[in-house]
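Reader: I am new to this structure and would like to learn how to read its features one at a time. Could you take me through them slowly?

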Amino acid sequence: MTVTSVHDPSHRESLWELEDAFERGDLISVFGRCTVSYEGRAASDLGAGDRLLVLKPDGAALVHTDEGRQPVNWQPPGSEHRAAVRDGRLRVVSTRSNPDETLTVRFSDVHQLSAMAVTGGRDLDLHGSEEDLRTRILERPDLVESGFEPRETERPSSAGPMDIFGVDADETPVVVELKRRRVGPDAVGQLARYVRAMEEELGVGASAAAADGTADAENDPDIENDPESDLDAENNADPGNDGVTAVRGILVAPSITDRAAERLADRGFDHVALEPTPTE
């Protein structure tokens, strides 16, 4: 594989490298101090900062900072890249016509520019998917806990399909949420919504949830819930429901963050550490 990499190039040198890379259809990364602007269905501007610009031969453009896995600005595949030197800065523009959108990155300094011919590997052979995790549990329910009995997969609910629904050794309903990798509080919130939906369906804890507003809060990930209210709602017994006093929630994932563990404990849920595929 041919790789071109230049350190602290001038704007003119950067332009030459970019034009050659566009012609070859290379994957390009440019790191430097820049501003970013977007015009299209909306408009946005980012002030000066050190950022990474990735330009893909399929037309995708991604602007990354030092935080998160999502780009702060991007253009989808099918866009067109071009570059120029204007007003003492290197300008890289990514445009598409349907809809009309333009992403413009202006570099005052380019610290590193790389271009490489990336080929192959587009047919992803995924190992360790959530389906693998589901299969492991259906074949060996005791991996969740002794006495667990799966009853349904993708069980419909008002909050969406549940990964696995079953009962424990005491015939208590159990909602199992599957994640193939390390997760945080969002996964706990998702599990809580499924548990809440199941409780409402069974008539367990619904009146308490409606009274204290936790049902609405649980559906809004931006609202911090009161752990005491959640526990009251989820542990509230309904004597007219065949002895069912609550619905349990179990999050199955290889690992979870400390914050996720706290939220699981607040809600009385459990975590089972399980990899999608058995370790050899």
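Reader: Let me begin with a pair of strands: which residue stands opposite Ala 61 in S4?

Author: Please keep in mind from the start that this is a predicted model. In a regular strand the side chains alternate between the two faces of the sheet. Here the residue that stands opposite Ala 61 of S4 is Leu 55, and the two strands concerned, S3 and S4, run antiparallel and are joined by four bridges. Between these strands the hairpin has five residues, and within this hairpin Gly 59 takes a positive phi near 105°.

Reader: Which residues is Asp 58 in contact with, once its neighbours within four places in sequence are left aside?

Author: With those neighbours set aside, Asp 58 is in contact with Pro 77, Gly 78 and Ser 79.

Reader: How do S2 and S3 pair, and over how many bridges?

Author: S2 and S3 pair over eleven bridges in the antiparallel sense, and a hairpin of three residues joins S2 to S3. Glu 39 stands opposite Ala 43, which belongs to S3.

Reader: What should I look for in the largest nonpolar core, and which of its residues touch the most other members?

Author: In soluble globular proteins, nonpolar side chains tend to be buried together. The largest nonpolar core of this model has 22 residues, and those that touch the most other members are Leu 18, Val 30, Leu 53, Leu 90, Val 92 and Phe 107. At least two residues of this core are supplied by each of helix H1 (11-24) and the strands S2, S3, S4, S6, S7 and S8, with S8 giving the largest share, six residues. Taking Leu 18 as an example, and not counting residues up to four places away in sequence, Leu 18 touches Ile 28, Val 30, Ala 83, Leu 90, Val 92 and Leu 113. Apart from this core lies another one, of 18 residues, among them Val 175, Ala 192, Val 195 and Ala 253.

Reader: What is the order of the strands in the open sheet of five strands?

Author: The order is S9-S10-S11-S12-S13, and the pairing is mixed. S9 (149-155) and S13 (270-273) are the edge strands, each pairing on one side only, while the twist from one strand to the next averages 25°. Within this sheet, S10 and S11 run antiparallel and are joined by four bridges, where Phe 165 has Val 175 in S11 as its bridge partner.

Reader: Which strands does helix H3 lie across, and how does H3 meet H7?

Author: Helix H3 (residues 185-202) lies across S9, S10, S11 and S12, and runs at about 155° to S11. The axes of H3 and H7 come within 8 Å and cross at roughly 25°, which makes H3 roughly parallel to H7. On the H3 side the contact is made by Pro 185, Val 188, Leu 191 and Ala 192, and on the H7 side by Arg 259, Ala 260, Arg 263, Leu 264 and Arg 267. By class, this contact has six nonpolar, no polar and three charged residues.

How values were computed. Residues are numbered from 1 along each chain as its sequence is written. This is a predicted model: local features need pLDDT of at least 70, side-chain atom pairs count only at pLDDT 80 or more; totals for chains, interfaces and linings use all residues. Side-chain values use heavy atoms; hydrogens and water are left out. A nonpolar core is a set of buried Ala, Val, Leu, Ile, Met, Phe, Trp, Tyr and Cys residues joined through side-chain atoms within 4.5 Å. Buried means under 20% relative accessible area, exposed over 50%, partly exposed in between (1.4 Å probe, protein chains only). Contact means heavy atoms within 4.5 Å. Two strands pair if DSSP finds at least two bridges between them. Axes are lines fitted to C-alpha atoms, for helices over the stretch in contact, and angles run from 0 to 180 degrees between N-to-C directions. Angles under 35 degrees count as roughly parallel, over 145 as roughly antiparallel, 65 to 115 as roughly perpendicular and the rest as oblique. Ala, Val, Leu, Ile, Met, Phe, Trp, Tyr, Cys and Pro count as nonpolar, Asp, Glu, Lys and Arg as charged, and the others, Gly among them, as polar.
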